[in-house]
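Work through these exercises with the structure in view. Try each task before you read its solution.

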Amino acid sequence: MNRLVSIVLHGARIALGVTFFYAGWIKAQEPIDFARAVANYQVLPYSWNYLVAATLPYVELLAGTLLVLNRRVRPAALVIGVLNFVFILALISVMARGLDIDCGCFAPSGQGHTTALEALLRDLGLMVLVVLAWLSRERRSVASSS
């Protein structure tokens, strides 16, 4: 049973890391399109859309890399958890205002269309992975202290 739990926790950490590495990589390749996707949310002043588009992909790349490499797992999981929480709030805001936009999460240029509800459900699933990634480090700390 312990082995199965360990496999699940580490699998969640790796899946979360790969997901955010990929998302950051895609966004970093298309910063103008990503800035446009951020602007579609209509929550930030115009110039901040470019600031977010210029920084967020690299934060996601770094945090995802750390999770995959099993380094600084808790800080990386915390950063991703905070980002994901902000994404969830933005998506709820989009749904409450009745906007029909593509989330821009994995295809900032608008290839494909992910509704706000689909993105919200995905982000809630990612939040479960954040918790499991956090627990994977706690489990390792408990095992090494005993």
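The largest pocket comes first. Note that the model is a predicted one.

**Exercise 1. Sort the lining of the largest pocket by residue class: how many are nonpolar, polar and charged?**

Step 1. Take the nonpolar class. The lining of the largest pocket has 15 nonpolar residues.
Step 2. Take the other classes. One lining residue is polar and two are charged.
Step 3. Of its 18 lining residues, Val52, Leu56, Val86, Phe87 and Ala90 are the closest to the centre.

**Exercise 2. Find which helices each supply at least two residues of that lining.**

Step 1. List the helices. They are H2 (31-40), H3 (46-68) and H4 (73-97).
Step 2. Pick out the largest share. H4 gives it, with six residues.

**Exercise 3. Describe the overall fold of the protein chain: how many helices and strands does it have?**

Step 1. Count the elements. There are five helices and zero strands.
Step 2. Read along the sequence. The pattern is α-α-α-α-α.
Step 3. Along the principal axes, the C-alpha atoms fill roughly 55 × 25 × 25 Å.

**Exercise 4. Locate the cavity: which residues line the largest one?**

Step 1. Recall the idea. Rolling a probe the size of a water molecule over the atoms shows where empty space is left.
Step 2. Search the whole structure. One cavity of 30 Å³ or more turns up. The largest cavity holds about 80 Å³ of space.
Step 3. Name the lining. It is made by Thr19, Phe20, Ala23, Lys27, Glu60, Phe87, Cys105, Phe106, Arg122, Asp123 and Leu126.
Step 4. Assign the elements. Helix H1 (2-29) and H5 each give two or more residues to this lining. H1 has the largest share, four residues.
Step 5. Sort by class. Six are nonpolar, one is polar and four are charged.

**Exercise 5. Examine the salt bridge of glutamate 60: which residue is its partner?**

Step 1. Side chains of opposite charge can pair when their charged atoms come close.
Step 2. Find the partner. Glutamate 60 forms a salt bridge with lysine 27, and their closest N and O atoms are 3.0 Å apart.
Step 3. Trace the chain. Glutamate 60 sits in helix H3 and lysine 27 in helix H1, so 33 residues separate these distant parts of the chain.
Step 4. The whole structure has three salt bridges. Both Lys27 and Glu60 also belong to the lining of the largest cavity.

**Exercise 6. Identify the residues that make the nonpolar surface patch.**

Step 1. List them. Leu78, Val82, Val86, Val131, Trp134 and Leu135 make a patch of about 500 Å².
Step 2. Assign the elements. H4 and helix H5 (116-145) each give two or more residues to the patch. Leucine 78, for one, is found in H4.

Technical notes:
Residues are numbered from 1 along each chain as its sequence is written. This is a predicted model: local features need pLDDT of at least 70, side-chain atom pairs count only at pLDDT 80 or more; totals for chains, interfaces and linings use all residues. Side-chain values use heavy atoms; hydrogens and water are left out. On a 1 Å grid over the protein atoms alone, a cavity is a set of points where a 1.4 Å probe fits but cannot get out, and a pocket is an open set with protein on both sides within 12 Å along at least five of seven lines; lining residues have an atom within 4 Å of a point. Ala, Val, Leu, Ile, Met, Phe, Trp, Tyr, Cys and Pro count as nonpolar, Asp, Glu, Lys and Arg as charged, and the others, Gly among them, as polar. Patches are made of residues with over 30% relative accessible area and no salt bridge: like charges are joined within 9 Å, nonpolar side chains (Val, Leu, Ile, Met, Phe, Trp, Tyr) within 5 Å. Accessible areas come from the Shrake-Rupley method with a 1.4 Å probe; for residues, only the protein chains shown count as cover. A salt bridge is a side-chain nitrogen of Lys or Arg within 4 Å of a carboxyl oxygen of Asp or Glu. Grid points are joined across faces, edges and corners, and a volume is the space filled by probe spheres set on the points.
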